[in-house]
Amino acid sequence: MVGDVVMFRQAKWREPLIYELGAPGRIGFLVPEVEEEIRREVGEIKVPEKIRRKEPPSLPEVSEVEVVRHFIRLSQMSYGVDCGPVPLGSCTMKYNPKIAFELANDQRVALLHPLQDERTVQGLLEAMYLLQKWLANIVGMDACTLHPAAGAHGELAGVLIIRKYHELKGQLDKKKEIIVPDSAHGTNPASSAMAGFRVVTIRSNPDGNIDIEALKAAISEKTAGLMLTNPSTLGLFEEHILEIAEMIHEVDGLLYYDGANLNGIMGYARPGDMGFDIAHINIHKTFGAPHGGGGPGAGPVCVKDREVLPDENVKLSDLLPGFVVEYDGKKKRYYLRHPGPYSVGMLRAFFGNVVPLLWGFVYILSLGPQGLKEVAELSVINTNYFLKLIKGTRGFSLPYGPDRFYKHEAAISAEPMAREVDVTAEDVAKGLLDAGFYAPTIYFPLIVREALQVEFTDTETKENIEEYVKRMKEIAEIAYKNPEEPKKWPRNTSISRIDTVKANHPRSVTPTWRVHVLRKKGVLKSLR
């Protein structure tokens, strides 16, 4: 900003896809010949005929300089947390510390092989062992696996543990339902359905809490468990959590904690102390690892040592998926414990996504207990400061718990503006983009009409929040003076407003280069 003038123009290159660059035969890297010493030791390497390609793979044929320029240009047309705040609600897009980047991407880690002898990776196993202990302690649990590859993967692991729990107890024939609140992440009902359960949705009260009477009516002998995010996606702490835990446990159900919003309570409250039996954690949210273009993430799952089969001494920890790092005190070495007979099994290949896990290890180690507590404090302060500044702005409302203190995020509504002048949450988001700000999550949670879910993380400054609110107020002012103007935004970004119907329609959506080529050839018409 210079005075009251928005000084923002995003780079706009006419950059083709990398497959459209280069020329046949052009190369950027020569693979070295096999060294003679290795050839003598290993012999001639021959790929069996049955797995050998009949023709070379269809890869871009480009020089090194073309590759570098291509991705530099794409980066200039993009926006990330290193450019400015990314207040995506329920995503916790905090700054990714560079010290963690340096250590997690060390060549001594990057070049390891998952089948390597455990004796040669004792340092890494020690770090993973400590991370398991730290995460379990942070969420108040007794055991932890780092196996799941992402948050939703961790959710599925948690629901499979619930299923296994009831299966071992011989009651899976009647435990058919998982309860989720209407404010839940969409992956909660999806994970429940994938695990074979019927989903029962419970409404929220105007104060943001679960409707207790509706919950009482829904709980029965069919209830296998309840999935809950606390704080919720509304940004509010569930005030009846102890009562809810007791109600679920009375019918021998398990309480599952969706750890997506752990940033708002870390160091102040632990899910295990609230009565939760299972918790997943997003390393790429709460513990500073980057989300990074869809992956890799990491979704560790922690459990209480709740008894499953008392006579056989089987506990929830025996149901955890994948490998768990253990320490042999006699041999003084770390090792991987394989899934046992009661485990839900392997949910992916090998141990887990080590790079983001190491990132989380460095993050926790660098901050320590007091630092992690301050992370929660700052995220809560930032959210409530944002709400204080935006309160009373024409066109925006806070539909749930308007008189309560919020935690790490808040779901405000542009419904008044949409109703009065037909300027929607999407239009507000485009107006933010046009001024160089990253838009919040829009149209989620689904129970908030014209939702703008805003989450300023612990790494954002007071000044950044003030500038953001200033722009939101400018948008509201423009909307009421000239409602047609917001429909033209954004003008200053690399890509102008797209046709969302065309972008998502099965006959035109083009998610990959392969689909693009098949469409051009007329082979593919509609995705199914």
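**A walk through one predicted chain**

Hi everyone, let me start with a sheet: three strands form an open sheet of 3 strands in the order β12-β14-β13, with antiparallel pairing. β12 (410–413) and β13 (441–442) stand at its edges with a single partner strand each, so one side of each is left without a neighbour in the sheet. When I say strands pair, I mean that DSSP finds at least two bridges between them. Helices (H or I, at least four residues) and strands (E, at least two) are DSSP runs, numbered from the N terminus.

Before we go on, a word about the model. This is a predicted model, where local features need pLDDT of at least 70 and side-chain atom pairs count only at pLDDT 80 or more, while totals for chains, interfaces and linings use all residues. Residues are numbered from 1 along each chain as its sequence is written, and side-chain values use heavy atoms, with hydrogens and water left out.

Back to our sheet. β12 is joined to strand β14 (residues 451–454) by 4 bridges, and the two run antiparallel. If you look at A411, you will find Q453 of β14 opposite.

Now please look at the loop between β13 and β14. Y443 lies there, and Y443 has a positive phi of about 60 degrees although it is not a glycine. E450 is in the loop between β13 and β14 too, and its phi is near 50 degrees, again a positive value in a residue other than glycine. Why point these out? Because most residues other than glycine have a negative phi, and most peptide bonds are trans.

The peptide bond from F444 to P445 is cis, with omega near 0 degrees. Where else can you see a cis peptide bond? One joins N230 and P231, with omega about 5 degrees, and P231 lies in the loop between β4 (223–229) and α9 (241–250).

Next, a hairpin. Strand β10 (residues 324–328) pairs with strand β11 (residues 333–337) in the antiparallel sense, over 5 bridges. E326 stands opposite Y335 in β11. Between the two strands of the hairpin there are 4 residues, and K332 in the turn has a positive phi of about 55 degrees.

Finally, let us step back to the chain as a whole. How many helices and strands does the chain have? There are 17 helices and 14 strands. The radius of gyration is 26 Å, close to the 24 Å that the globule rule gives for 528 residues, so the chain is as compact as a globular protein of that length. That radius is taken over C-alpha atoms, and the rule is 2.2 Å times the number of residues to the power 0.38. Along its principal axes, the C-alpha trace spans about 80 × 70 × 50 Å.

Of the 528 residues, 48% count as buried. Taking contacts (heavy atoms within 4.5 Å) between residues at least 6 apart in sequence, 71% join residues at least 24 apart.

Methods
Buried < 20%, exposed > 50% of the residue type's maximum accessible area, 1.4 Å probe, protein only.
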